[in-house]
Amino acid sequence: MSLYLVLRFLHISAAIIFVGGLFARQAVRALTSRASDVGEILPLTQAAGQIERLMVLPGNILSIVFGLVLALVTRSPILGSIAGPYRNWLLASIVILAVLFPLVPWVF
């Protein structure tokens, strides 16, 4: 198996864990909003926190890291048309991450 296939598998797996964690966390939070007893809220909030720590944060960071390593291994143009080639998907994803990353602690 080639390094490219391993990195691609790891990148896609990390993205699946990240997005799956987002859906699972929101599902648990939806159950929290429907709770009628205060005693039900604490375990659900703790479960949402566990999902955040075990799936969302690592999945997000690993997806970014494996994506950048995959781009470097395949020699994809990270700066897109700034560097010459016409493929801008990697530059667009870096710009989106750079814009949204500071919003995460501020908004959420």
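Author: A salt bridge is a side-chain nitrogen of Lys or Arg within 4 Å of a carboxyl oxygen of Asp or Glu. Keep that in mind for this model, which is predicted.

Reader: Okay, what makes glutamate 52 and arginine 25 a salt bridge?

Author: Their closest N and O atoms are 2.3 Å apart. The cut-off is 4 Å, so the pair counts as a salt bridge. A search of the whole structure finds one salt bridge.

Reader: Which helices do glutamate 52 and arginine 25 lie in?

Author: Glutamate 52 sits in helix H2 and arginine 25 in helix H1, so the pair ties together parts that are 27 residues apart in sequence.

Reader: Why is H1 called roughly antiparallel to H2?

Author: Look at how they pack: helix H1 (residues 3-34) and helix H2 (residues 38-73) meet at an angle of about 155 degrees, and their axes are 7 Å apart. Angles over 145 degrees count as roughly antiparallel, so that's the label H1 and H2 get. The crossing of H1 with H2 is left-handed.

Reader: What kinds of residues make up the contact of H1 with H2?

Author: There are 24 nonpolar, nine polar and four charged ones.

Reader: And what makes Val95, Ile96, Val99, Leu100, Leu103, Trp106 and Val107 a patch?

Author: Patch members need over 30% relative accessible area and no salt bridge, and nonpolar side chains are joined within 5 Å. Those residues form a nonpolar patch on the surface, with about 700 Å² of accessible area together.

Reader: Where does the largest share of the nonpolar patch come from?

Author: From H3, with four residues. Helix H3 (89-100) and helix H4 (103-107) each supply at least two, and valine 107 is found in H4.

Methods:
Residues numbered from 1 in each chain as written. Predicted model: local features only at pLDDT ≥ 70, side-chain atom pairs only at ≥ 80, totals over all residues. Heavy atoms only, no water. Patch = residues over 30% accessible without salt bridge, like charges linked within 9 Å, V, L, I, M, F, W, Y side chains within 5 Å. Areas by Shrake-Rupley, 256 points an atom, 1.4 Å probe, with all protein chains shown as cover. Axes fitted to C-alpha atoms, helices over the stretch in contact; angles between N-to-C directions. Parallel < 35°, antiparallel > 145°, perpendicular 65-115°, else oblique. Left-handed = near helix turned anticlockwise from the far one by under 90°. Nonpolar A, V, L, I, M, F, W, Y, C, P; charged D, E, K, R; others polar.
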